[in-house]
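User: Please take me through the terms used for this model and, for each of them, set the value against its definition.

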Amino acid sequence: MKENWEFATRSIHSGVGPETKLGATTPPIYQSSAFGYDTAEELSDVFQGRGFGYIYSRVANPTVSVIEQRVNALEQGRGALAAASGMAAIATTIFALTRSGDEIIAGKSLFGGTLQLFSDIFENYGVQVVYVDSCDVAGYRKAISSRTRLIFLETIGNPQLDVPDLKQIATVAAEYEIPLVVDSTLTTPYLLFAKEFGVNIVIHSTSKYISGSGNSIGGVLVDLGNFEWKRSRSEAVRELSAKVGGFAFLARARKQIQQNTGSCLSPFNAYLQCLGLETLALRMERHCDNALALAKYLQNSPQIVSVNYPGLDNAAGYQVAKTQFGGRFGGILTIRLGTQERAFKLVNRLKMVKNLANIGDAKTLIIHPASTIYCNCSRELQEAAGVYPDLLRISVGIEAIKDIIADFEAALKEV
Ligand SMILES: *Cc1c(COP(=O)(O)O)cnc(C)c1O
């Protein structure tokens, strides 16, 4: 990879594997569970880390390596690990850094699946989650204790759409030598260059914008190479750093967590996500342009009580988003209709816009979070995450904006 390549070029040309020898233009799908060696000595060397090679696809796979290298090239990190899903990438990161008795600090307005992971798994295994208001920098400092092992937040809360000031929170985290872990699914490497803001580990659900067409589930975590793991408060990582130096976190995540939990990405999904990544820059521009235009249109609709989009200059996160995300604001917006009944009516009247639980698809999607993604969360947790009975979340696609607006215009006439 050329160091001076621009983002769009890196997303197409970085991390190309052995297939180039045959002239293939996309990464071949190495649909093989295991990889053979001529001699017992060679296989033993690879097992013992004396030689590099693939052994078994639960541990590493050449197609999966390409998506890891590409996302890593975009984030300019130390290395990446792909996972079966965004949830698997989050779980792997937290398993890698914590053990029973530890605490993590998390911004309150998290994706519903992440809230459930924390309460259903980690809290049951003795890892306490201390929630703070996502944007309250002083709150993070106050929540830190001797047991804190990481700070976790989302770049744009989903669906709260609040935008934490990463640089300020990273400064607090660095002062206490606690890694800052950020879920950048809504911003992708295109909108947020996480390293520049002091983030230490960045996570993406590649099921969303990176795959781009809603065709496969996957996730990736990237060690941005700016945390001294030998000084980590997480014992297992600190111990590994004596052996593998700066790669301690990645080694812990791959060899001790993912290898044991089996949450690897399939080669076929890795292939789809490599293809998606090639057009990420183009698509994100269209997603952001369309979302801003739709937000402005809906803001002027008398049928709608309120519109939340970080790109509207009256939004709470506008200023921070503008500097953090290079003048763009993502593809997600929420609207409130006054009552749940009216919200349901709008969903039911839309013809092109699809009602389903996903974001980051080429198609425009809508969902009523309170009765779906958040249906198992208490009212209190729902409100903390910005979920209300009359709220709808829209993931704006890359169709012609005229057609997206026309679908809303027609549907809104009937609610
Ligand atoms: C979808 C999503 C996840 C989970 O990713 P999966 O690939 O569905 O497991 C995590 N965080 C955010 C912000 C998401 O939107």
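User: Why is the crossing of H3 and H11 called left-handed?

Analyst: A crossing is left-handed if the near helix is turned anticlockwise from the far one by less than a right angle, and right-handed if clockwise. In this predicted model, which asks for pLDDT of at least 70 for local features and 80 or more for side-chain atom pairs, while totals for chains, interfaces and linings use all residues, the axes of H3 and helix H11 (residues 267-278) cross at roughly 35° and come within 8 Å. The crossing of H3 and H11 is accordingly assigned as left-handed. Residues are numbered from 1 along each chain as its sequence is written, and side-chain values use heavy atoms, with hydrogens and water left out. Helices (H or I, at least four residues) and strands (E, at least two) are DSSP runs numbered from the N terminus; axes are lines fitted to C-alpha atoms, for helices over the stretch in contact, with angles from 0 to 180 degrees between N-to-C directions.

User: What makes the contact between H3 and H11?

Analyst: Contact means heavy atoms within 4.5 Å. On the H3 side it involves Thr63, Val64, Val66, Ile67, Arg70, Val71 and Leu74, and on the H11 side Pro267, Ala270, Tyr271, Gln273, Cys274, Leu277 and Glu278. These residues divide into 10 nonpolar, two polar and two charged, where Ala, Val, Leu, Ile, Met, Phe, Trp, Tyr, Cys and Pro count as nonpolar, Asp, Glu, Lys and Arg as charged, and the others, Gly among them, as polar.

User: Why are H4 and H5 called oblique to each other?

Analyst: Angles under 35 degrees count as roughly parallel, over 145 as roughly antiparallel, 65 to 115 as roughly perpendicular and the rest as oblique. Helix H4 (residues 86-97) and helix H5 (residues 112-122) pack at about 45°, their axes 11 Å apart, and are therefore oblique to each other. H4 passes H5 in a right-handed crossing. Met87, Ile90, Ala91, Ile94 and Phe95 of H4 meet Gly113, Thr114, Leu117, Phe118, Ile121 and Phe122 of H5, a contact with nine nonpolar, two polar and no charged residues.

User: What makes a space a cavity, and how many of 30 Å³ or more are found in the whole structure?

Analyst: On a 1 Å grid over the protein atoms alone, a cavity is a set of points where a 1.4 Å probe fits but cannot get out, and a pocket is an open set with protein on both sides within 12 Å along at least five of seven lines, lining residues having an atom within 4 Å of a point. One cavity of 30 Å³ or more is found. The largest cavity has a volume of about 60 Å³, a volume being the space filled by probe spheres set on the points, which are joined across faces, edges and corners. Its lining has 13 residues, with Val59, Ala60, Asn61, Val64 and Arg254 nearest the centre, and H3 gives the most, three residues.

User: Which residues lie closest to the centre of the largest pocket?

Analyst: The largest pocket holds about 630 Å³, and among its 19 lining residues Phe52, Gly53, Ala60, Arg254 and Lys255 are closest to the centre. Helix H2 (40-47), H3 and H10 each supply at least two lining residues, and H3 gives the most, with four. By class, the lining of the largest pocket has nine nonpolar, seven polar and three charged residues.
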